[in-house]
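This report examines salt bridges, chain contacts and selected residues in one protein structure. Please keep the sequence and the 3D view at hand while reading.

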2 protein chains.
Amino acid sequence: MKITVLLSGGLDSSTCLALVVSKYGSENVEALSIHYGQKHDREVRSAQAVADYYGVKLTILDLSPVFAGSNCSLLNHSSEEIEHRSYAEQLKDLGGTGTVNTYVPFRNGLMLSAAAAVAQSNGSDEIWYGAHKDDAAGRAYPDCTPEFVDYMGKAIYEGTGHEIKLVAPFINSNKADIVRQGLAMKVPYELTWSCYEGGEKPCGTCGTCIDRFNAFKLNNAIDPLMK
Amino acid sequence: MKITVLLSGGLDSSTCLALVVSKYGSENVEALSIHYGQKHDREVRSAQAVADYYGVKLTILDLSPVFAGSNCSLLNHSSEEIEHRSYAEQLKDLGGTGTVNTYVPFRNGLMLSAAAAVAQSNGSDEIWYGAHKDDAAGRAYPDCTPEFVDYMGKAIYEGTGHEIKLVAPFINSNKADIVRQGLAMKVPYELTWSCYEGGEKPCGTCGTCIDRFNAFKLNNAIDPLMK
């Protein structure tokens, strides 16, 4: 069994990598990180640090030209500001459902497709990917919903000639569940990066910072990045 | 209504573009061509010529790094030779079903995902894509089967927050049907390119050359590239 893991360098995917390594051993795991033009490209450096920690080979691909025409706030060239509110508050403004302004057009579909190509090239049997329930809520990130993951998994299985399966171990978990599992596995969260602003320290007020802070709090723990 | 068309510069996708332009007008159409490291990258120049002919904006993306680890014979860096036999003969050797050696790992999945990202960025409602029955037969190209197109379409619809639909107008047609439609629409087939070898003239003996030759023959026509 060989696995290719999508590793952004954030909390979810780093925990996903830890889970795969604990199950299959680092010698059977490769990681893939994708630069897509994000403001917080320091997360790619975090991906390298986490991959190094687990002794896993990391491939980094630059697919940023695909998003040259998007004005999503998460992108370097965007004229939009990143929202500094929780996803729940952003969803309220959208009437309960709709994409938040940090949704990058079909980004996860592109990443999973690139992962499928890489996985089939390196002889993997499965792709693992850390999508979870909080990001899917209200279709804030429609490319994290169980429906998307289900169809994408079937498309990958069919499109690779029944060679590659997609596994999303946290699809029914929230971020607090993920942190609980990660703390038990001693994931080096001090090496990870989530904040969308990509500054020296996490801003603490963007959607992903708020989500991350709460996930640690619900586990009676403190995020090592906030110490 | 705005449409993004995947345009390789080959026969199928050029006919697909002609169909879309005839339905919606060139002002409502954009084309996307993807360089993926193919030996026959002259097809990208054909894509430009066809897009220019129809007065449609063409975006060209280079996603070749995704396939750096693949040894598929279609790729520039591959040590494998392209097969010079029909797909039917190649499938016989595979026991009737299996990927041919010009199948590029999940290439169409990656292209469609990139198209979804571009389409959502440029405000398109639909992506059109020229997959057809001959390529799907025996899962020679598993990323052309009706099952793949169905799941990929659903993944794109879900993953874009119900904004983008995938249309594959030739999914139940063979290449001869496509040429019949194309000849009726006077598609400039002299501008297109199919041969995998990418020489000065089509080799006439690779899988796609044989398929193309037969498609014209069945329409009592001669391929302008073979004149």
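At 35% relative accessibility, D150(A) counts as partly exposed. The model described here is a predicted one. D150(A) takes part in a salt bridge with K154(A), and the closest N and O atoms of the pair are 3.3 Å apart. K154(A) is likewise classed as partly exposed, with a relative accessibility of 33%.

Both residues belong to helix 6 (residues 146–159) of chain A; because they are four residues apart there, about one helical turn separates them. In general, side chains of opposite charge can pair when their charged atoms come close.

R212(A) lies in helix 8 of chain A, while D223(A) lies in the segment after helix 8, so the pair ties together parts that are eleven residues apart in sequence. R212(A) and D223(A) are both buried.

In chain B, the side chains of R212(B) and D223(B) meet in a salt bridge at 2.6 Å, N to O. R212(B) is part of helix 8 (residues 207–217) of chain B and D223(B) is part of the segment after that helix, so this pair connects parts that are eleven residues apart in sequence. R212(B) is buried, with a relative accessible area of 3%, and D223(B) is also counted as buried, at 5% relative accessibility. Elsewhere, salt bridges that share partners join K2(A), E30(A) and K57(A) into one network. Over all chains, the count comes to 14 salt bridges.

## How the two chains meet

What area do chain B and chain A bury between them? The value is about 2,800 Å², and 71% of it is on carbon and sulfur atoms. In chain B, helix 4 (107–122) and helix 6 (146–159) each supply at least two residues of the side that touches chain A. The residues on that side of chain B divide into 19 nonpolar, eleven polar and five charged.

The contact takes 35 residues from chain B and 35 residues from chain A. Seven residue pairs are in polar contact between the two chains.

## The relation between the copies

Chain B is superposed on chain A by a rotation of 180 degrees with 0.0 Å of shift along its axis, and the RMSD is 0.0 Å. That is the relation of a two-fold axis. Of the residues of chain B, Y151(B) comes closest to the rotation axis, at 2.6 Å (C-alpha).

Through which surface do the copies meet? They meet through the same surface, because 100% of the interface residues of chain B are also interface residues in chain A.

## Two buried loop residues

Y189(A) is placed in the loop between helix 7 (175–184) and helix 8 (207–217) of chain A. Y189(A) is buried, with a relative accessible area of 2%. When neighbours within four places in sequence are left aside, the contacts of Y189(A) include L11(A), T15(A), I178(A), R212(A), F216(A) and L225(A). By contrast, G95(A) is 94 residues from Y189(A) in sequence and 34 Å from Y189(A) in space, C-alpha to C-alpha.

S124(B) lies in the loop between helix 4 and strand 4 (126–128) of chain B. S124(B) is buried, with a relative accessible area of 5%. The side chain of S124(B) makes a polar contact with the side chain of T4(B), at 2.7 Å. Leaving aside neighbours within four places in sequence, S124(B) also touches other residues, among them K2(B), I3(B), A119(B), E163(B) and I164(B).

## Residues with positive phi

Most residues other than glycine have a negative phi. F106(A) has a phi near 50 degrees, a positive value in a residue other than glycine. F106(A) is found in the loop between helix 3 (87–93) and helix 4 (107–122) of chain A, and F106(A) is buried, with a relative accessible area of 0%.

H162(B) also has a positive phi, near 65 degrees. H162(B) is located in the loop between helix 6 and strand 5 (165–167) of chain B. Is H162(B) buried or partly exposed? H162(B) is partly exposed, with a relative accessible area of 30%.

Methods
Residues numbered from 1 in each chain as written. Chains lettered and ligands numbered in written order. Predicted model: local features only at pLDDT ≥ 70, side-chain atom pairs only at ≥ 80, totals over all residues. Heavy atoms only, no water. Contact = heavy atoms within 4.5 Å. Buried area = accessible area lost by both parts, 1.4 Å probe. Polar contact = N/O pair within 3.5 Å; in protein donor to acceptor, adjacent residues only side chain to side chain. Nonpolar A, V, L, I, M, F, W, Y, C, P; charged D, E, K, R; others polar. Buried < 20%, exposed > 50% of the residue type's maximum accessible area, 1.4 Å probe, protein only. Least-squares fit on C-alpha atoms with pLDDT ≥ 70 in both. Salt bridge = Lys/Arg side-chain N within 4 Å of Asp/Glu carboxyl O.
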